[in-house]
Every structure is written in structure tokens, then in C-alpha cells.
Amino acid sequence: MSVHIMVFDSGIGGTTVLEQIQALIPNADYSYFMDNALLPYGSQSQQTIIDRLLALLCFIESRALQVDILVIACNTASTSALEAIRPYTNIEVVGVVPAIKPACAISKSKHIGLLATPSTTKSRYTANLISTHSQGTRVSLYGSTTLVEIAEALFHTQILNEAKLAKVLSDLAIAEEIDVLVLGCTHFPLLASAISNYYKQRIILIDSGKAIAKRVESLISLRGLTFTTGKKKPLHYYATAPICHSQLSIELITLTDQIPRGNH
């Protein structure tokens, strides 16, 4: 069997990370799991997110899916639950974190913005990330869950609600001197061109997709995982709630909150 990489998000945003990983590692087998019954995760409590990720581990185990690497392609889940779930599994778990360090490195004005869900902007993990990597650079935080909804609608219907997007960005009132904006939610790269157009290309947008793909590639090498030369399995989608207007073939799953047997 080839390396099996599962990418997880609360919705479709993690496909922005999935695409980067697939581009770098085309021969792996992939599955994509969205917990859209609780979308957006930015509105959920930390304990709820931990419980859902533990339930995901149980699902993987009960189905014997033989996942080698689990990518939590959700900044909210990564910053609030990653360390809590790692002791319960032997699967390599990779999280995404806001690209504060590279943003600070390229900012000429020494003032960057982090655009994420409110729970990510308020998390202790994010605060630590900023204090570690932002020496000499000011970081302003901007939170929105409405942008998640706009991105979901765009992905499934191919229609962008430009008026709604413009209102959200106007209300956020991102400071004029900010020259780099970190997209700290995996949904937001789906809106990158529209956001860039709104700011007339004067702000550089940066996300974690490529860095996550490189991390996954290095883990494959470190663990000595191999690829089969036979036919690849098609990308399999799982979801916890039905999705209207989607052209995807999706298997509907109910996550049951319980502690996985795992290592703990």
C-alpha cells in the first residue's frame, strides 16, 4: 500500500493545504475529512474540538483506514487541540499554524496582520507564536467566521458573494500600514485573489500550505514510508453533514465522541 495521507478540516478550507501536498507528493493515497456538522470550528469551544478530533481517531481505527499521516488542516483545531490528541495515536499528526515568522521576515513596514477565526486570534498558542517570532514587528489581529462561510459557498457553488466579502473586509478595517497579511485559516486562501483585489494588490498575502507540504514530505522520508507503483486510489471525501450544491462524491459519517484505545 502507498502512503495514506488524510487531510482534516471543519469544512472545505483544508483543500487548499491538500492541493499543496498533492503537488509535492503526487504518488500518495489521499482522503479528505470535513467535520462540517460543526462548521465553523472558530465558533466551537476548545474541549468540543478536542472531543471531535478524538472521535476522528476512533473512526480511523474502527474502519482500519491505515492512515500514515493525519494533517489537521485547520488553524483553529491545530492551535487548540493538537497537543491534546497526539498521546492517543501512533499516526503522525501534522498541524497548521499561522505563518507569522515568514510574514515578519518579509514585512518592510514592520507591521503585519493576522486574519483568522476569532478562536485562533485569541489562542495562547498564537500569542506564543507572535511573541517568539515577531521581534521588532507589530502584529495586529483580525478575526472573522463570516469569511469561512463565504469561502465555503464559493467552493461549492463557484459563486463569490462580492458584496458580503467587501462588507466584512471594510468592517475589519485592516490598518493602512500593514504590508503583509497572514491568512491564518485554511479557508481564506480560497478568497486570496478577491482579498488581494480588494486591497488593490498593495498587501502581500501569505499562508502555510507550502510549509505543511514540505513537513509532510520530510515525515515520509523520516519514517521510511513507501509508495506502490500500482494504481492510486481515488481521493475519498468524508463529511459529517450533507452539503447542498456540491459536485463532490462524499461519504456521510457520524462522529461518535469517545476516547480511542490508542497509546494512552
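Visitor: In which sense do strand S1 and S2 pair, and over how many bridges?

Guide: Pairing is a DSSP matter: two strands pair if DSSP finds at least two bridges between them. Here S1 (residues 4–9) and S2 pair in the parallel sense over six bridges. Phe8 has Phe33 of S2 as its bridge partner. The model is predicted: local features need pLDDT of at least 70, side-chain atom pairs count only at pLDDT 80 or more, and totals for chains, interfaces and linings use all residues. Residues are numbered from 1 along each chain as its sequence is written, and side-chain values use heavy atoms, with hydrogens and water left out.

Visitor: How are the helices and strands defined?

Guide: They are DSSP runs, numbered from the N terminus: helices are H or I with at least four residues, strands are E with at least two.

Visitor: In what order do the six strands of the open sheet come?

Guide: The order is S4-S3-S1-S2-S9-S10, with parallel pairing. Strand S4 (92–95) and strand S10 (250–252) stand at the edges with a single partner strand each, so one side of each is left without a neighbour in the sheet. Neighbouring strands are turned by 20° against each other on average, direction ignored. Axes are lines fitted to C-alpha atoms, for helices over the stretch in contact, and angles run from 0 to 180 degrees between N-to-C directions. S2 also pairs with strand S9 (residues 236–239), in the parallel sense over four bridges. There, Ser31 has His236 as its bridge partner.

Visitor: Are the residues of S2 buried or exposed?

Guide: Start with the general idea: in a regular strand the side chains alternate between the two faces of the sheet. Buried means under 20% relative accessible area, exposed over 50%, partly exposed in between (1.4 Å probe, protein chains only). In S2 (residues 29–34), six of the six residues are buried, so the strand is largely enclosed by the rest of the structure. Asp29, Ser31 and Phe33 lie on one side, Tyr30, Tyr32 and Met34 on the other.

Visitor: What unit do S1, helix H1 and S2 make?

Guide: A right-handed β-α-β unit, with H1 spanning residues 15–24. A crossover is right-handed if, with the strands pointing away from the viewer, the path from the first strand over the helix to the second runs clockwise. The buried residues of H1 are Thr15, Thr16, Val17, Leu18 and Ile21. Their cover includes S1, S2, S3, helix H7 (146–157) and H10. Contact means heavy atoms within 4.5 Å.

Visitor: At what angle do the axes of H1 and H10 cross?

Guide: Roughly 50°, and the axes come within 8 Å. Angles under 35 degrees count as roughly parallel, over 145 as roughly antiparallel, 65 to 115 as roughly perpendicular and the rest as oblique. H1 and H10 are therefore oblique to each other. H1 passes H10 in a right-handed crossing. A crossing is left-handed if the near helix is turned anticlockwise from the far one by less than a right angle, and right-handed if clockwise.

Visitor: Which residues of H1 meet H10?

Guide: An α-helix has 3.6 residues a turn, so residues three or four places apart point the same way. In H1, Val17, Gln20, Ile21 and Leu24 meet H10. Their partners include Ile212, Ala213 and Val216.

Visitor: How do the axes of H7 and helix H8 cross?

Guide: They come within 10 Å and cross at roughly 160°. That makes H7 roughly antiparallel to H8. The crossing is left-handed.
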